[in-house]
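I opened this entry to look up the aromatic rings. My notes follow the display.

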Amino acid sequence: MAGVRSLLLLLLVLQSSCVGVRSPLAVLKRFKETTRTFSDECLGTTRPVIPIDSSDFALDIRMPGVTPKQSDTYFCMSMRLPTDEEAFVIDFKPRASMDTVHHMLLFGCNMPSSTGSYWYCDEGTCIDKANILYAWARNAPPTRLPEGVGFRVGGETGSKYFVLQVHYGDISAFRDNHKDCSGVSLHLTRLPQPLIAGMYLMMSVDTVIPAGEKVVNSDISCHYKKYPMHVFAYRVHTHHLGKVVSGYRVRNEQWTLIGRQSPQLPQAFYPVEHPVDVSFGDILAARCVFTGEGRTEATHIGGTSSDEMCNLYIMYYMEAKHAVSFMTCTQNVAPDMFRTIPPEANIPIPVKSDMVMMHGHHKGKIETESKDKTSLLQQPKREEADVLEQDFHVEEALDWPGVYLLPGQVSGVALDPKNNLVIFHRGDHIWDGNSFDSKFVYQQRGLGPIEEDTILVIDPNNATVLQSSGKNLFYLPHGLSVDKDGNYWVTDVALHQVFKLDPNRKEGPLLVLGRSMQPGSDQNHFCQPTDVAVDPGTGTIFVSDGYCNSRIMQFSPSGNFITQWGEESSGRNPKPGQFSIPHSLALVPHLNQLCVADRENGRIQCFKTDTKEFVQEIKHASFGRNVFAISYVSGLLFAVNGKPYFGDQEPVQGFVMNFSSGEIIDIFKPVRKHFDMPHDITASADGTVYIGDAHTNTVWKFTSAEKMEHRSVKKAGIEAQEIKESEAVVETKMENNPTSSELQKTQEKQKLIKEPDSGVPVVLITTLLVIPVVVLLAIAVFIRWKKSRAFGDSEHKLEASSGRVLGKLRGKGSGGLNLGNFFASRKGYSRKGFDRLSTEGSDHEKDEEDGSESEEEYSAPLPAPSTSSS
């Protein structure tokens, strides 16, 4: 018995230690009690908790496979926060399509209105106060919270439950009775955030819209009497009669715009154009403009499909010590003030017909919509982004191990004709302030060329190294591109040269442009050239040159100089054709255009490849001061910006743009690690994106959200069936209209049908959990046997032996593929260098029935502080 007691004690100690380190697996294990069962068509959504690292995890909140039977159905479901400790929501990602879902709301509360797996929201959302955390409609891009800002949940004061409300407007997409698993994914962290996010809801409750009235204004205003809040995003909401909603801060009779938008556009949270602070004594004001035309009766504010709503959601952050998570304004305390409202608030915003929000409960879907989509999909040479603009979204592929590759400074990424990823890195060489003198001559020739293979071909699925080359050729690798024949085109800023390489040739470069170690500005010299683009039709070579020259050079396929254009920019408003480090190139072959990432001017310039005529400039405030790299594919332009300067607010992130209009469709960032200096980007035709970072020595893979959905989706008559690998799954029958009961009992009845995929195979997790128990039992049996032979310090030996065995088990580390180890075996390698508001009283419309950094690169001589090189 003594041996058994020791065994039990040891198991308790092990359990306590696991909780102590708060491992992601511990969170997973704890969450098994509340894991839901899903329809077969939703098997891809049975991973409610996804560990990210020791402090962060993702929470997947989805409808458990529902089929609405009538239009204007509101379904709600709840999920408990998988930890009792305080946590912070720092990112949201929508998992829905406007073809099936009208809109979604996410609330935080301590007691849901029901304990069923899902319920009709007519029963309510929460028993206690509900704080709205997030709102989405029509394929909107994800809400982005500023750095250091989070919604507080858990702990003593935060919400314990998330409640998801999904409105199914027009259910024509459910004619086949398929199951819907729409929802939202959250990124949470246990790390305290200095700034806490909250929601301020401005909502009209007494507006009447007379039938036939052309223009009707609904005004809301309240005095603000709290600690300062900083507004960073807003969302507008009306039904079909709303034309424009505007929100303002009024201070000393001066109106400052918070946000203005058409409610017929996707009702997402949009970032404010300029940050707005609201202080004690200010007035918050909002106006909704409606029309009664087309109605035969007066329209009132209410929750039915024939009523209207006037809502403005203001997302803000406050200092943590003063934070208030939710505030409302439903009055008009200063009606006379609206005589001086800016004229823009009365002007409807024009909306293109293909962008109009289809309110399913107001109108039936247009029969030809699916035909139009099909027609568009069959015309790839039209601007495909016109179709993709509302649908395209990319996010990190969390199951891709390539993020752990850890080569040297990653300067270039590209895709070869087989769609394999090609990486160009610097091995143990780094670019720092000592690399060049004032005349741009490389000062570290004594190190010799990089002795490791600098070009790696990586399997896009499992990140294994398929091929490597480029040993003893380069000093400071920079740009990389791959032509249609699979040849590599690379630049070296130390050598001031451009190379064409055959990946299968051992003898050396096929073509070399420029003079080795000789910077210059004539036809035969480069000065730190940055990138190469090769026209697939003509073989014409374009080189961006570069850090010390501000030009684009053109060469024949054989390397003969043809022409050049561009000049150094001057002043704050550079003209077309002026550059401040042309850093990356992207060809748009079918339009005969070449686009240039004009890095330090924070813009993208595009030119005709034949006439060199300037075509367009793409520039957005969210770029910040830099655009590092660009890539074009199928009507979309991908880009990454640079690290913000002190005082700047634009974070480093990736962008997806409609090439035709230049509008941003999506913004994305990684979950694992973080961008520091994303140096290059490449994209494939299927929407897969790779980004290489020169400071974290990391390569990320991002895939389109549609590719990552493991469910059957019917879109306006077009079926897109995602194929899932076969798995053994125990099915549990789901309640179609669950009844209320005690929360605890319901949770105990729920069963886990599949181990959440944390990126580690289920078999491996099971093995790692079972092995220690088997070993301990074996030790216990051995001790009992030995005790039967001799009496002594058996218990002490059990503890000591178990400790040694467990110590060995704990010492076995696991990780991803580490190229640090791959290169360590090579000579010369160094590891130098990874929130009860009844918004059923808001949107509810009822039916009337980190990685380690390396040195920052510099271009010598060291320029003004506004310029950093890479």
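Which residues form one aromatic cluster? I looked this up and found Phe75, Tyr118, Tyr120, Tyr168 and Phe174. I note that the model is a predicted one.

Next I looked up the pairs. I get 29 aromatic pairs in the structure. One of them joins Phe424 and Phe474, with 5.2 Å centre to centre and 85° between the planes, and is edge-to-face. I placed Phe424 in strand S24 (residues 421-425) and Phe474 in the loop between strand S26 (465-469) and strand S27 (477-482), so this pair ties together parts 50 residues apart in sequence. I then checked accessibility for both rings. Phe424 has 0% relative accessibility and counts as buried. Phe474 is buried with a relative accessible area of 1%; the cut-off I applied for buried is under 20%.

I turned to Phe675 and Phe702. Their ring centres are 6.2 Å apart and their planes stand at 50°, so I logged the pair as tilted. The class follows because stacked needs under 30 degrees and edge-to-face over 60. Phe675 sits in the loop between strand S44 (664-668) and strand S45 (678-683), while Phe702 belongs to strand S47 (residues 698-704). I recorded this as a link between distant parts of the chain, 27 residues apart. I found both Phe675 and Phe702 buried.

Last, I looked for a charge over a ring. Which ring does the charged end of Arg625 sit over? I found the ring of Tyr645, with the charged end 4.6 Å from the ring centre.

How values were computed: Residues numbered from 1 in each chain as written. Predicted model: local features only at pLDDT ≥ 70, side-chain atom pairs only at ≥ 80, totals over all residues. Heavy atoms only, no water. Phe/Tyr/Trp six-rings, centres within 6.5 Å; stacked < 30°, edge-to-face > 60°. Helix = DSSP H or I, 4+ residues; strand = E, 2+ residues; numbered from the N terminus. Buried < 20%, exposed > 50% of the residue type's maximum accessible area, 1.4 Å probe, protein only. Lys NZ or Arg CZ within 6 Å of the ring centre and 35° of its normal.
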